[in-house]
Amino acid sequence: MSFPIPALAYWVDTLDPVIFHVWGPISLRWYGLAYVSGFVAAYLLWMRASRKGLTPLTQANIEELMTWGIAGVIVGGRLGFMLLYDFGGFMQNPLSILRVDQGGMSFHGGAAGCLIVTFLVSWRRKLNVFKVGDLAVMGVSWGLLFGRLANFINGELWGKVSTVDWAVIFPRAPLDHTAATVFVETAKFAGLANPRHPSQLYEAATEGLLLGVIALILFWKTPITRRVPGLLSGLYFMGYAGARIFCEMFREPDASLIWGLSRGSVYSFAMVLFGAALIVVTIVRATSGVTPAMPCNPDSPE
């Protein structure tokens, strides 16, 4: 049984995902711009850190990290989505992994891709992998901020049905006949739609803006994170996982549940364990004298 409520009570997300059309099927989309903006923001932050002597990476190192990092995010994000959220579809049609035009990216998969790239670049250039990782996570959240805002514009990854004052109607979302509905001409399913939590904005605010500011403060203003390389990375993984688990309480699950929990929550709990293990390793290394106690120098041969 549904309970119709006033049509004007909630805003309808009819934003256009396309900024402008270039030619034929080619167009500039907010989602693509979000990725580019995230990479540019990270690059500018990394270069500033290098100029200030807060990282051992030179400009050439940073450009190499960025180049392979882009590949790691895209390949890892797409592969992670297929394996973690649509494994059945992947097994039926493995080539579907190439259909990036259909959407479907996983942050956890992208994070795994970035981890691999961090290890490879550090090994190739004989850099301290913990310092490279700290630099990397310092710039990650701004891509998340832009990406979640693009998700909202696209009207995807919507939240659970809710009647809070700031709920939003997403016309593409399926109708829940048992929950409160709104009659709006722009909505699908015979004009009925459910108001939902704008969970994309919750994630943009927590995983993106809040975590990004905290990471900047820890990297630039907190001496201990420079004396203990890897500590920032561990804290970031745990911080992201906590923010994601919180937001998953308001977000409609993307796929079937695992142990009664959304897949995003389960994968984030695993990230909490990884972050905690990383913190323990870095503290043990620092107290045992393995990690240098002085701030890193970009001219160091490390």
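## Basis of the model

The structure is a predicted model, in which local features need pLDDT of at least 70, side-chain atom pairs count only at pLDDT 80 or more, and totals for chains, interfaces and linings use all residues. Residues are numbered from 1 along each chain as its sequence is written, and side-chain values use heavy atoms, with hydrogens and water left out.

Helices are DSSP runs of H or I with at least four residues, numbered from the N terminus.

Helix α1 covers residues 30-51, a run of 22 residues. From its first C-alpha to its last it reaches 31 Å, close to the 32 Å expected at 1.5 Å a residue; the expected span is 1.5 Å times one less than the number of residues. Buried residues in α1 include A34, G38, F39, A42, L45, W46 and M47, where buried means under 20% relative accessible area, exposed over 50% and partly exposed in between, with a 1.4 Å probe and protein chains only. The buried residues of α1 pack against α2 (59-84), α5 (129-138), α6 (140-154) and α7 (199-221).

After α1 comes G53, which has a positive phi near 75 degrees. The loop between α1 and α2 contains T58. Because its relative accessibility is 33%, T58 counts as partly exposed. T58 and M47 are 11 residues apart along the chain, and their C-alpha atoms are separated by 8.2 Å.

Two packed helices are described by the angle between their axes and the distance between the axes. Axes are lines fitted to C-alpha atoms, for helices over the stretch in contact, and angles run from 0 to 180 degrees between N-to-C directions.

The axes of α4 (residues 107-125) and α10 (residues 263-287) come within 10 Å and cross at roughly 30 degrees. α4 is therefore roughly parallel to α10, given that angles under 35 degrees count as roughly parallel, over 145 as roughly antiparallel, 65 to 115 as roughly perpendicular and the rest as oblique. F107, H108, A111 and L115 of α4 make the contact with G264, Y267, S268, M271 and F274 of α10, contact meaning heavy atoms within 4.5 Å.

## Helix α4 against α5

The axes of α4 and α5 come within 9 Å and cross at roughly 135 degrees, so the two helices are oblique to each other. On the α4 side, T118, F119 and S122 meet V129, V132 and G133 in α5.
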